[in-house]
Protein chains: 2
Amino acid sequence: MSKERTEISSLGEFGLIEHLTRNIELQNASSVLGVGDDAAVVDHFGRQTVLTTDLLLEGVHFDLIYTPLKHLGYKSVIANLSDIYAMNAVPTQILLSIGISNRFSVEALDEFYEGVYAACEKYGVDLVGGDTTSSQKGLVISVTAIGEVAPGNFVKRSTARPGDLLCVSGDLGAAYVGLLFLEREKKIFLESPGVQPDLEGESYVIGRLLKPEARKDIIAFFAENKILPTSMMDISDGLSSEILHICKESNCGCVLYEDKIPVSEEMRNAAFKFEIDPTACALSGGEDYELLFTVAQSDYEKLVLNEQISVVGYITEAEQGAHIQTRGGNKHAITAQGWNHLRG
Amino acid sequence: MSKERTEISSLGEFGLIEHLTRNIELQNASSVLGVGDDAAVVDHFGRQTVLTTDLLLEGVHFDLIYTPLKHLGYKSVIANLSDIYAMNAVPTQILLSIGISNRFSVEALDEFYEGVYAACEKYGVDLVGGDTTSSQKGLVISVTAIGEVAPGNFVKRSTARPGDLLCVSGDLGAAYVGLLFLEREKKIFLESPGVQPDLEGESYVIGRLLKPEARKDIIAFFAENKILPTSMMDISDGLSSEILHICKESNCGCVLYEDKIPVSEEMRNAAFKFEIDPTACALSGGEDYELLFTVAQSDYEKLVLNEQISVVGYITEAEQGAHIQTRGGNKHAITAQGWNHLRG
């Protein structure tokens, strides 16, 4: 046993993954794409299978005080389907494992699975396997999703090119503000259990947190309109962090326009109640499960057909760095302040 | 929220899985085989992909007091590859997720991954993805394995037929006795930390627990000799429990001969030290990762070529039940006393 001790926190989540996977040499010809993207790509006899997996731990990824089990089941599936769509693929199956302590009743588990099955039905995927085990403490959820993509049509993070348009789907930051409300109500509840929660009018932002959707529609739109993004990933850790991934992996820079970042009216109003900047929520809040992608400029005419897509900037040469152009006309370097579950 | 409360323990692990998956209707034509076997089968454009996943929790599935991290990494992979082989398929990729607390150093994780990569290399599989997250307490490991099989060549649990020979690979019960030694030494260590462990001469049984192998060779032997088992599963919960699965799923009975159950000399000697019956270890001990399978009688001549395969009995009609014929000439019903992680 080595006597050195390097703290995991000194590497950070992505540094740790890089460290642990630095020596991988793929052995099978069928391993088309390995660690480092939203999902892996496996070639099965000339057609391609996309695979992704997520591990969700109680107390780290979810808080059962304000997360209904049905919503948790739904969201656990959605988070993985989002990774499959982020590869420009269509999800077809999932495997679901859970570790449960005896504090859960069968009825509680039924609620969780109701959410799982609702997501499966809505997105046309089958639950085909998994593992069920006891846990000494805390609920543990592991989901693996499998999808299909026509050969060569999967889209990586590493293939954006200078001049490409930087785009996002939907609106950003709402899930984060929804979390702020629920954390506030949890604090009040723990201090004064009799007080009724005051979430009047915040159903949009709370819904974005508790019942997110994956952007199946955007992938279908790409297929219908013969758009092949040059790079893509899903936004689970906040826009800043994801843009920096695309830039780093693609060896590019970018310009992001603050005034183009799509935010909802509900999120903007809610952010003001917490006296925080809506742009900061969009940049650093997570769990929106929207898509971030780049397309060739020649696809611009096709893109504008879809009002769910916003062009928020463009890709530059690496030397120009990754910048945000603010409403006030200033230019700042983009920094990652996304949710980093390994910070603690 | 329902007011009823059914304890999970009242259903048992398999009852729980049946309950939670009772309403699944597969939507995709590509979902060939769903929940209920060692692995799922997905059809990818005419060829078949086999998928399985396991969730391993510290304190439930492993004890870090006597499990070196390198061995744990190795075993986590092996347990999943074994499920792929049990479908008569060849594993090609894995996804690995871990949840880790900050009590682990990067060096400790490196050891874990050394074991993971050693297993990948030995079995020719690629680690192509996963998830890394923090855990508040306890190490959490989730492995998904992917394999290939020629169309129609996957082997289920539910297709044994009366008259088929009941076979197992390797020898059984050693991992369980290995566990007894390590649990004994742990107890002594916790009571008297100064005492050196006394595991002299027990390397075989301890090795079977800490560094199991998956039976790649048996699947290769089947392919070379054109043997297609009529049913198969891996032995992870003990022979009794697994035989009952095959009988129940195939709607058959069986006769198992006690004197044909393969046990090693090392396991037999070790079992005597604990004053337990070696046959009981083979029947109820788990984690051997051997294969249990049935073949048509016409394959008998081919089977005997392989001394790693033992014919231990035969399949009967369901009405005759599942029995063991003891050395003393008695006949008992086989009962499942396998490791049930949900008993607690």
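**Exercise 1.** Find which elements of chain B the buried residues of H6(B) pack against.

*Solution.* Start with the partners: the buried residues of H6(B) pack against helix H2 (69–85), strand E4 (90–100), strand E7 (165–169) and strand E10 (290–295) of chain B. Contact here requires C-beta atoms, placed from the backbone, within 7 Å; helices (H or I, at least four residues) and strands (E, at least two) are DSSP runs numbered from the N terminus. A word on the source: this is a predicted model, where local features need pLDDT of at least 70, side-chain atom pairs count only at pLDDT 80 or more, and totals for chains, interfaces and linings use all residues. Residues are numbered from 1 along each chain as its sequence is written, while chains are lettered from A and ligands numbered from 1 in the order in which they are written.

**Exercise 2.** Work out which residues of H6(B) are buried and which exposed ones its opposite face carries.

*Solution.* First, B:Ile218, B:Ile219 and B:Phe222 are the buried ones in helix H6 (residues 216–224) of chain B. They lie on the same side of H6(B) because they cover an arc of only 100° around the axis, judged by the directions from the helix axis to the C-beta atoms. Next, the face turned away from that buried side carries the exposed B:Ala220 and B:Glu224. (Buried: 20 or more other C-beta atoms within 10 Å of the residue's own; exposed: 12 or fewer; C-beta atoms are placed from the backbone.) Finally, B:Lys226 follows H6(B) with a positive phi, near 50°.

Methods
Two residues are in contact if their C-beta atoms, placed from the backbone, lie within 7 Å.
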